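Hi,

Here is the structure I said I would pass on. Have a look at it first, and then read my notes below.

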Amino acid sequence: MMKIKTIFLRLLRYEHGRRNRIGLLMILLWAPYLLFTSEIFFEQRKLIPQLFKAISKLESLHQSKIPAVPGDWLSIYRERGQLFKEYLKIHPTTISNRRNVIYIQPLGDFSDKQRRLIEITAEYMGLFFNMKTIIKTDIPDKQIPMVGMRGQQVYTFYVLKRVLKPRLPKDAAVFIAFTPRDLTPGGGWNFVFGQATLKQRIGVWSFNRFGDPEESDDMFMKCLVRTIKVASHESGHIFSMRHCTKYQCLMNGCNHLGEMDRSPLYLCPECVSKLCYATNTPIRRHYENLSKFARKYRLNDLYRFCRKSLRQICP
């Protein structure tokens, strides 16, 4: 708030010194912006030089995007990607003093193992985005009417517009539903793993196609990895992050499970910079948070990557 007060005082001195209407007009024009711009905005701007430096330091740890094969996302959808410098120009959705919580909305009926997937994913989301995460009370299957269904699939547009949007908490930076049912956006689409908006702070994802977590401990971990990939990917879209086409990255578009399994659990240098800017998180803290989660759940590849990244940033 000190910066806001300083700007106001300067404008007031300017108006007093000139004794004309220009200073007063400037105050009136700037007042709404200064009143509603959070202190976080100024902190985010300070991160930008550090994030550009981190991009150059981390590049050597990352693999370029492998060429798409038939059936892969980029073989069907032409996308140009999004660099960090381009991301900054679009005035992306970010956290603020008033919107800084992740809410997870369980949607449907869950087994004990599926419930555990939600709990661990919520823990991961809190560390990945460096934010408080809250799991809301379940919304059962019976509350989804036939108009929201296509056979056994749930329409994503129904979840986004009719379930999440009316229930969006005022302090939510992210409000995302989690369902065991298969999802479809309708039209010519067969299914999607998840879908999120770039501006409205809402999204939905499904673990229907990720395997049976009840089958074995190994299958539970496979389901968990797939689940946290989709959860963080879709939530990345909520922070205005588009699909990555430059590196093998968590934000790569995925058209099938094989392509999802090839994508890493971590973000590329460009995309991790977007995330840290959007959540006002020092990049070192991001990797420290992820390494704690990886060590706890024995995700050894992710743990080694985080430790290497930390050494690159702070040798």
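Predicted model: local features only at pLDDT ≥ 70, side-chain atom pairs only at ≥ 80, totals over all residues.

Now back to α11 itself. The helix covers residues 283-296, and at 1.5 Å a residue its 14 residues should span 20 Å; the end C-alpha atoms are 20 Å apart, so the two agree. Which of its residues are buried? They are Ile283, His286, Tyr287, Asn289, Leu290, Ser291, Phe293 and Ala294. As a reminder for reading that list, an α-helix has 3.6 residues a turn, so residues three or four places apart point the same way.

The partner I looked at is helix α12, residues 300-313. α11 and α12 pack at an angle of about 155 degrees, and their axes are 8 Å apart. Angles over 145 degrees count as roughly antiparallel, so that is how α11 and α12 run relative to each other. The crossing of α11 past α12 is left-handed.

On to the aromatics. The count comes to 19 aromatic pairs, and I picked out two.

One is Phe129 with Phe239, a tilted pair with 5.8 Å centre to centre and 40 degrees between the planes. Phe129 sits in the loop between α6 (112-128) and β2 (132-135), while Phe239 sits in the loop between α8 (217-238) and α9 (257-262), so the pair ties together parts that are 110 residues apart in sequence.

Tyr124, Phe128, Phe129, Phe239, Phe293 and Tyr297 form one aromatic cluster. Phe293 is also among the buried residues of α11, and Phe129 and Phe239 are the tilted pair from above.

One last thing to look for: what lies over the face of Phe191? Arg209 does, at 3.7 Å from the ring centre.

Cheers

Methods
Residues numbered from 1 in each chain as written. Heavy atoms only, no water. Helix = DSSP H or I, 4+ residues; strand = E, 2+ residues; numbered from the N terminus. Expected span 1.5 Å × (residues − 1). Buried < 20%, exposed > 50% of the residue type's maximum accessible area, 1.4 Å probe, protein only. Phe/Tyr/Trp six-rings, centres within 6.5 Å; stacked < 30°, edge-to-face > 60°. Lys NZ or Arg CZ within 6 Å of the ring centre and 35° of its normal. Axes fitted to C-alpha atoms, helices over the stretch in contact; angles between N-to-C directions. Parallel < 35°, antiparallel > 145°, perpendicular 65-115°, else oblique. Left-handed = near helix turned anticlockwise from the far one by under 90°.
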